[in-house]
Amino acid sequence: MAEQEYRIESDTIGEVKIPKEALWGPQTERSRNNFPSGELMPLAIIRAFLHLKKAAAESNVEVGDEPAEKGQAIEEAIDQLLALSDEDLRKDFPLHVLQTGSGTQTNMNVNEVVANLANKLHPGLNILPNDDVNRGQSSNDTYPTAMNIVAVEAVDKLEPAIEHLIDELKVKQDKYWKTVKVGRTHLQDATPLTFGQEVSGYISALKHDLAYIQELKPSLYELAIGGTAVGTGLNAAPGMTEAIAGKLSEAYGHEFKVDTNKFWGLAHHSALSVMHGAFKTLANDMFKIAQDIRFLASGPRAGYGELNIPANEPGSSIMPGKVNPTQAEAVTMAVARVLGNDVTINFAASQGNFEMNVFKTVMIAAFLESAEILAGTITGFADKMIHGLTVNEQRMDDLLENSLMTVTALSPKIGYHEAAVIAQTAQREGTTLKEAALKSGKVTEEQYDEWMDYMAMTNIDRTKPEE
């Protein structure tokens, strides 16, 4: 195996030995050696930085703060990098999330790679990472700008997953709108409802979650770019940041804006924090839905057994024929990560000391993980569990016939106390509710059959599915 070849470069601290073919420079190499732990910087952040650097180069040329030939060389280099696959792009962006909390080293990683590639493409221009690629910028405003951009992208991918699950649940809601079953409160039997009504509650929860996310989304459009080091905008040319916002809006299809308080933008990350709060709410609702489905499908002989779930894979390495609610398990494990990420993000958002928050890198990494695993597991849950879900109507009927809480329909007729005595007698003596009711002498068989209308108990005509 050939020995690794190196080149020597210098930064303001001194000389650094860098792999000969690497496009990065000394600051990247220092970070690569100083911070080797944890996950790699998400490539979504790198791509957002590249779009930002391209917009900055174009804007600096437009406002007369950068020579046109240098700006065009930077743009050309960035276009080549953006065209790379994730696998190829990663080769020149090796840094980890657990680095400086401002993201300075990732900003410099991008600056160095773009500058070195631009110099390869246009020898003699002497494009510098700090003076040219980073012109009018600071890590302190570029990294939070990239954070908001990738957060918007992540939300863009999460929204369709929620909509898709809603659509799959609507199919089940409509199909089983009049399939009556036992209701349950406090994990105990309650009055009847239909399975369609039950599913409609899931749909409403997800619709509300989606609405919360969509309402909060515009708060992510406020970009910190233009604040530079501490929020004052030192070294940023007039008009540069407005031009950047326009170019980023065109590139991403969202109305990004820069007319926002930069001191807030550098030191606070409120929009990310509150949006992740909406993720947490979605996660909580997904836990409830997944938990309900897997409990109702428990069995098939010794559980609730009201639902039949699709068999996607063998459920056991030792028990033949076992089917497990694996998609629900994936969702609930994802929820555990999201709730943990919410703690990380809330703590990170509190760490805005003076003019800058220095927990930026871990904050956005946690945010992106939550969005990704929610989108993925929600889609899997919709396609591989809800789509193939059916009901066991016979089991639902049996449980309903054996339920004691249908006695509630007798309460307006004979009084709460007498109805309670009938239910307690049936439970104590192990008889049916009808037997206990007739034995009480308070109800005739004709009255019992008339009043014990399960469908009427659901008030099905008063509860319509949401459009």
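Let's start at Lys288, which is partly exposed, with a relative accessible area of 42%. (Buried means under 20% relative accessible area, exposed over 50%, and partly exposed in between, using a 1.4 Å probe and protein chains only.) Keep in mind that this is a predicted model, where local features need pLDDT of at least 70 and side-chain atom pairs count only at pLDDT 80 or more, while totals for chains, interfaces and linings use all residues. Residues are numbered from 1 along each chain as its sequence is written, and side-chain values use heavy atoms, with hydrogens and water left out.

Lys288 makes a salt bridge with Asp292, their closest N and O atoms lying 2.4 Å apart; the term covers a side-chain nitrogen of Lys or Arg within 4 Å of a carboxyl oxygen of Asp or Glu. The two residues sit about one helical turn from each other because they are 4 residues apart in helix α11. (Helices are DSSP runs of H or I with at least four residues, strands are runs of E with at least two, and both are numbered from the N terminus.)

Further along, Lys434 pairs with Glu445 in a salt bridge at 3.3 Å between the closest N and O atoms. This pair ties together distant parts of the chain, with Lys434 in helix α17 (433–440) and Glu445 in helix α18 (445–451), 11 residues apart. Lys434 is partly exposed at 25% relative accessibility, and Glu445 is partly exposed too, at 45%. Elsewhere, shared partners join Glu66, Lys70, Asp132 and Arg135 into one salt-bridge network.

Glu66 is buried at 5% relative accessibility, whereas Arg135 is partly exposed at 23%. Across the whole structure the search finds 23 salt bridges.

Glu75, in helix α3 (68–82), is buried yet has no salt bridge, and the nearest side chain of opposite charge, Lys54, is 5.7 Å away. (Lys and Arg count as positive, Asp and Glu as negative; His and the chain ends are not counted.) Leaving aside neighbours within four places in sequence, Glu75 is in contact, meaning heavy atoms within 4.5 Å, with Lys54, Ala57 and Glu58.

Most residues other than glycine have a negative phi, and most peptide bonds are trans. His186, though, has a positive phi of about 60°; this residue sits in the loop between β3 (180–185) and β4 (188–194) and is exposed at 75% relative accessibility. Thr228 also has a positive phi, near 50°, but Thr228 is buried, with a relative accessible area of 2%, in the loop between α8 (195–216) and α9 (240–252). As for peptide bonds, the one from Gly299 to Pro300 is cis, with omega near 10°, and Pro300 lies in the loop between α11 and β5 (307–308).

To finish, what covers the buried residues of helix α1? The cover includes β1 (6–10), β2 (15–19) and α5 (104–121), and the buried residues themselves are Pro26, Thr28, Glu29 and Ser31.
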